Amino acid sequence: MYEGFGFGVCDFCNRRCRYFVYHCSCGLDFHIQCALFSFNIAEKKIGELQIPNIDPLLSTETPSEKLKEAQCFACWKPLLDSAYLSLASGFHLHQKCLELPLKINHLCHREHSLSLQFNSERLPCQICQETQRRGFVYSCSSCKFVIHIACAELPTKINHLCHRQHPLILQPNQESLPCQICQETLDLRFVYCCSICTFAIHISCVSPTPTIKGEIHEHSFTLFWRQGPFTCDACGSTGDFLSYSCCTCSLTVHEKCISLPRTIRIGRHRHHSLSHTFILGQHEFTTWECKLCPKEVNPQHGVYCCSDCNYIVHTNCGKLESRWFKFDEKEESDHPEHFKEKSAFSVIKETKVGESVIATEIKHLSHQHNLVLSDDDVIKDERFCDGCKLFIPSAFYYCSTCNFFLHKSCAESPWKVHLWFRRSPYSLIFDRIFFCGICDHEFNTSFGYENKDDEDCFCLRCALTSDTPTCGGHQHRLTFYSYYSKYEGQCNGCGDKRSWGFACKDCSFVVDDKCFILPNIIRHKCDEHDLKLTYGDPNVYSEHNYCDICEERRNPDLWFYHCASCDTSAHSKCVVGEYSFLKPGVSYKYKHHPHPLTLTRKVYDYPDQCHACGKPCQDAALECVEKGCSYILHWGCVEDKSFLALQGSN
């Protein structure tokens with residue numbers, strides 16, 4: 001016994017220890033009263049405790065809510081199931097658990113007998129694989145083998161309606177057999193099994209609830225043993241043996257489908273909830289296409305849908321998609337009008353064109369000067385947008401003082417936005433070095449979106465791409481299918497096999513996220529002109545289909561970059577490199593150099609050597625422009641970009 005000083009927790013009642021406690025070298029601590037209580041239980045001296053025996057069936061007192069939720073300390077079954085003993089400290093024990101044998105022999109552990117003892121090492125039960133937070137178990141200390149009291153009371157052999165040919169034996173699921181009732185597999189756990197027929201059912205599935213009421217239907221469902229396959233009216237998938245039926249409505253469902261929520265929310269259709277319905281025909285839908293997978297829904301089975309938007313998903317697709325998202329009601333109430341009020345720019349001048357009012361001069365948060373709207377069809381020097389780093393073909397804002405340009409659409413990018421593939425809203429960022437969590441490209445001054453609770457940032461294009469976008473390489477609208485949609489195809493952009501991506505299932509067309517955001521026009525040191533993204537080569541002659549950068553063969557059916565003036569052709573992967581979206585000319589203050597460094601793009605091997613790795617500089621590099629200083633550093637040699645700060649910032 002030692003003095004606890006109020007810092008320990010009693011392993012018996014789970015309350016804080018004060019003053020003197022009983023302590024074991026294995027780490028156990030007990031209040032004095034808890035230690036004496038457990039000793040009296042072990043010695044069968046219950047009379048000395050002078051605790052009243054309460055029978056909930058005979059008691060006239062209404063049990064408190066706390067007692068209704070309480071469990072027996074030994075078997076962990078609901079306390080009010082039978083007569084019990086109760087201490088003022090909150091410790092409860094069934095009367096029948098006081099009569100438990102101190103030692104048992106069990107089929108699951110034939111080597112040694114199992115002793116009733118405190119689970120001091122918090123070992124998991126070998127039958128259910130779960131660990132009690134505290135309490136008694138049957139244990140073999142030498143083998144570290146533990147089973148819960150409730151699990152020890154399970155019959156080792158049963159006869160069951162699902163398998164009338166042979167009895168089922170309680171044994172480990174060594175073959176990882178699926179349960180024939182719920183169709184799920186719980187590896188390593190004990191099951192009731194017929195080894196002859198390789199038939200298994202989970203312990204929890206042996207005695208299903210006879211009647212269940214769920215949210216998805218107005219009536220209760222009644223258990224029905226059906227020894228044969230059936231199709232669930234709630235989700236449309238098949239089942240065996242166990243089903244639940246509503247005789248009033250002639251519905252048959254899986255047990256797990258009864259607990260489906262009446263409505264769900266998913267990121268792809270955030271503005272409305274999706275409701276479950278068994279009768280799809282009551283709504284006037286123009287298509288039976290599931291918005292989450294390549295398969296069409298069967299109107300004979302239940303689905304989740306939004307009748308206002310003609311939006312339908314399979315029940316299982318909707319259930320799986322909804323698990324990824326947690327919606328904050330306050331944030332959702334702000335969307336979308338509240339976000340629109342928080343613009344990233346203020347209007348300085350505007351003009352009226354017909355019924356529309358157009359901002360002709362703005363002050364954007366990303367730039368220190370005002371930006372003026374230009375709608376010149378021909379842009380001198382072929383400018384690129386500082387927001388997305390793409391070529392500017394039409395209306396744009398520009399700074400008359402600086403080399404700064406923004407697409408009109410990029411300037412109007414929302415200050416805060418919900419992304420369909422993320423849970424919480426994201427905020428606009430700029431003047432920051434970051435990697436996009438989707439395309440993996442690095443950006444230094446471009447627009448992006450971040451969330452303070454998420455490590456990933458996303459570039460403007462990836463963040464604002466819809467889950468049903470259009471693509472220059474295909475005539476139809478595409479749909480994004482995630483990996484669990486089980487879409488199999490070959491990316492039309494790069495040729496890699498994909499089980500996800502933006503796809504048109506009718507045309508067997510799919511493109512992954514990296515190929516989807518390839519820029520239509522890009523500059524590369526291999527050609528003096530801009531290169532244009534081309535979706536397949538009509539010239540099938542083998543001597544023509546080579547990459548002019550790596551000099552290896554090209555597949556003419558895949559996307560590539562081409563200059564019509566010079567007849568230059570190259571793989572997209574050879575043109576779009578890891579530094580393609582960095583803006584040259586930006587000056588930084590570097591922690592390890594006294595002068596400002598400017599980001600430059602070196603063509604081929606630059607004679608000066610990098611001060612970090614000693615190799616010749618090529619592609620993106622930081623160069624000191626101070627007269628007489630020859631300091632140069634590969635961009636990739638700056639391992640920690642937090643050492644860089646924009647010149648002019650604090």
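## A partly exposed residue and its patch

At 34% relative accessibility, Ile32 counts as partly exposed (buried is under 20% relative accessible area, exposed over 50%, partly exposed in between, with a 1.4 Å probe and protein chains only). The model is predicted, so local features need pLDDT of at least 70 and side-chain atom pairs count only at pLDDT 80 or more, while totals for chains, interfaces and linings use all residues. Residues are numbered from 1 along each chain as its sequence is written, and side-chain values use heavy atoms, without hydrogens and water.

Ile32 lies in helix H1. Together with Phe20, Tyr22 and Leu36, Ile32 forms a nonpolar patch on the surface, with about 360 Å² of accessible area. Strand E2 (20-23) and helix H1 (32-42) each give two or more residues to this patch. In such a patch, residues have over 30% relative accessible area and no salt bridge, and nonpolar side chains are joined within 5 Å.

## Nonpolar cores

The largest nonpolar core holds 79 residues (a core joins buried nonpolar residues through side-chain atoms within 4.5 Å). Among the residues touching the most other members are Ile127, Tyr138 and Leu274. A second, separate core of 60 residues includes Phe443 and Tyr561.

## A four-stranded sheet

An open sheet has the strand order E39-E40-E41-E42, with antiparallel pairing. Strands E39 (521-522) and E42 (568-571) stand at the edges with a single partner strand each, so one side of each lacks a neighbour in the sheet.

Strands E40 (residues 531-535) and E41 (residues 559-563) run antiparallel and are joined by four bridges (pairing requires at least two bridges found by DSSP). Lys532 stands opposite His562 in E41.

Key. Patch = residues over 30% accessible without salt bridge, like charges linked within 9 Å, V, L, I, M, F, W, Y side chains within 5 Å. Areas by Shrake-Rupley, 256 points an atom, 1.4 Å probe, with all protein chains shown as cover. Salt bridge = Lys/Arg side-chain N within 4 Å of Asp/Glu carboxyl O.
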